Amino acid sequence: MTATGGLRAARVSREAGGRLLLDGVTLAPQPGTTVGLIGPNGSGKSTLLRILAGLLAPHAGTVTLDGEPLAAAGRRQVARRVAVVDQHAVTQDELSVLDVVRLGRIPHRRAWSAPTGEDAAAVDAALERTGLTGLRERSWHTLSGGERQRVQIARALAQQPRELLLDEPTNHLDIQHQLELLSLVASLPLTAVIALHDLNLAAMFCDRIVVLSGGRAVAGGTPEQVITEELIEEVYRVRAVVTPDGPQGRPSVRFLP
């Protein structure tokens with residue numbers, strides 16, 4: 001892949017109601033890595049993800065896909081490459097797990113065409129990768145929060161993307177399901193950009209971390225470089241003790257009262 005390959009944002013800005021939501025943010029994930037976006041509420045994480053997905057247009061700066069402007073690509077072309085998993089997925093329809101995962105194949109099919117063998121294989125592979133094969137006939141409405149998030153990951157994988165964007169995917173999940181979900185994402189052979197609140201989860205599962213504050217990127221690097229006591233106090237206005245943890249020496253955060 002060339003130096004301009006992949007999904008990249010260059011000095012993107014976005015405002016609403018006279019307030020800057022993003023102010024000149026650059027993000028250029030290396031292919032195959034997991035990048036965490038951290039920062040307080042209102043720091044611009046969700047806005048940046050929506051701009052990367054092409055759901056919002058930046059008021060300044062550019063987003064490119066393999067060096068070409070994202071805005072010039074058709075929605076179908078972008079959807080074949082970039083998959084999005086939101087915080088909450090709600091449907092009033094009576095859908096099975098299989099029905100939801102099949103939605104991921106829409107970008108690859110012509111209108112009104114029947115699913116192909118390739119579609120079926122992609123769906124089966126996504127169900128197997130997320131451990132959902134045994135639940136394929138279950139109703140969406142009977143699933144737990146953790147199971148629903150896994151179904152959304154499976155739907156995204158059925159798209160066969162090269163970039164995966166996740167907005168607070170661990171919200172409302174218990175600790176076990178948070179760890180399982182992020183372990184799954186980190187193991188996938190694609191580029192993932194994840195907005196997270198939990199600094200310890202970001203340190204455990206992300207190759208690199210970008211810190212947003214007030215719409216600006218104020219730090220970026222490996223977890224060891226970024227998650228420091230000084231940065232936590234500056235950005236989050238709280239005191240913490242940060243210590244190396246585990247064989248890789250990833251930072252572990254303990255907040256002080």
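Modeller: The answers below set each value against its definition.

Modeller: This is a predicted model, in which local features need pLDDT of at least 70 and side-chain atom pairs count only at pLDDT 80 or more, while totals for chains, interfaces and linings use all residues. Residues are numbered from 1 along each chain as its sequence is written, and side-chain values use heavy atoms, with hydrogens and water left out.

Colleague: What makes up the secondary structure of the protein chain?

Modeller: The protein chain has nine helices and 12 strands. Helices (H or I, at least four residues) and strands (E, at least two) are DSSP runs, numbered from the N terminus.

Colleague: Why does the radius of gyration of the protein chain agree with that of a compact globule?

Modeller: The radius of gyration is taken over C-alpha atoms, and the globule rule is 2.2 Å times the number of residues to the power 0.38. For 257 residues the rule gives a value near 18 Å, and the protein chain has 19 Å, so the two agree. Along the principal axes, the C-alpha atoms fill a box of roughly 55 × 40 × 35 Å.

Colleague: Why is Ala154 called buried?

Modeller: Buried means under 20% relative accessible area, exposed over 50%, and partly exposed in between (1.4 Å probe, protein chains only). Ala154 has a relative accessible area of 0%, and is therefore buried. Ala154 belongs to helix 5 (residues 145-158). Leaving aside neighbours within four places in sequence, Ala154 is in contact (heavy atoms within 4.5 Å) with Val101, Ala126, Thr130 and Leu132.

Colleague: Is Ser43 buried or exposed, and how do you know that?

Modeller: The relative accessible area of Ser43 is 2%, so Ser43 is buried. Ser43 lies in the loop between strand 3 (34-38) and helix 1 (45-52). Not counting residues up to four places away in sequence, Ser43 touches Leu21, Leu212, Ser213, Gly214, Gly215 and Arg216.

Colleague: Why is Glu230 called exposed?

Modeller: Glu230 has a relative accessible area of 56%, and the term requires a value over 50%, so Glu230 is exposed. Glu230 is in helix 9 (residues 229-236). Its C-alpha atom is separated by 9.7 Å from that of Val241, 11 residues apart along the chain.

Colleague: How do you know that there are cavities, and how many are there?

Modeller: Rolling a probe the size of a water molecule over the atoms shows where empty space is left. On a 1 Å grid over the protein atoms alone, a cavity is a set of points where a 1.4 Å probe fits but cannot get out, and lining residues have an atom within 4 Å of a point. The search of the whole structure finds two cavities of 30 Å³ or more. Grid points are joined across faces, edges and corners, and a volume is the space filled by probe spheres set on the points.

Colleague: What lines the largest cavity?

Modeller: The largest cavity, with a volume of about 60 Å³, is lined by Gly6, Leu7, Pro29, Pro31, Glu163, Leu165, Thr191 and Val193. Strand 7 (163-167) and strand 8 (191-195) are the elements that each give two or more residues to this lining.

Colleague: And which residues line the second largest cavity?

Modeller: The second largest cavity holds about 40 Å³ of space, and its lining consists of Gly146, Gln149, Arg150, Leu173, His177, Glu180 and Leu181. The elements giving two or more residues there are helix 5 and helix 6 (175-187).

How values were computed
On a 1 Å grid over the protein atoms alone, a cavity is a set of points where a 1.4 Å probe fits but cannot get out, and a pocket is an open set with protein on both sides within 12 Å along at least five of seven lines; lining residues have an atom within 4 Å of a point.
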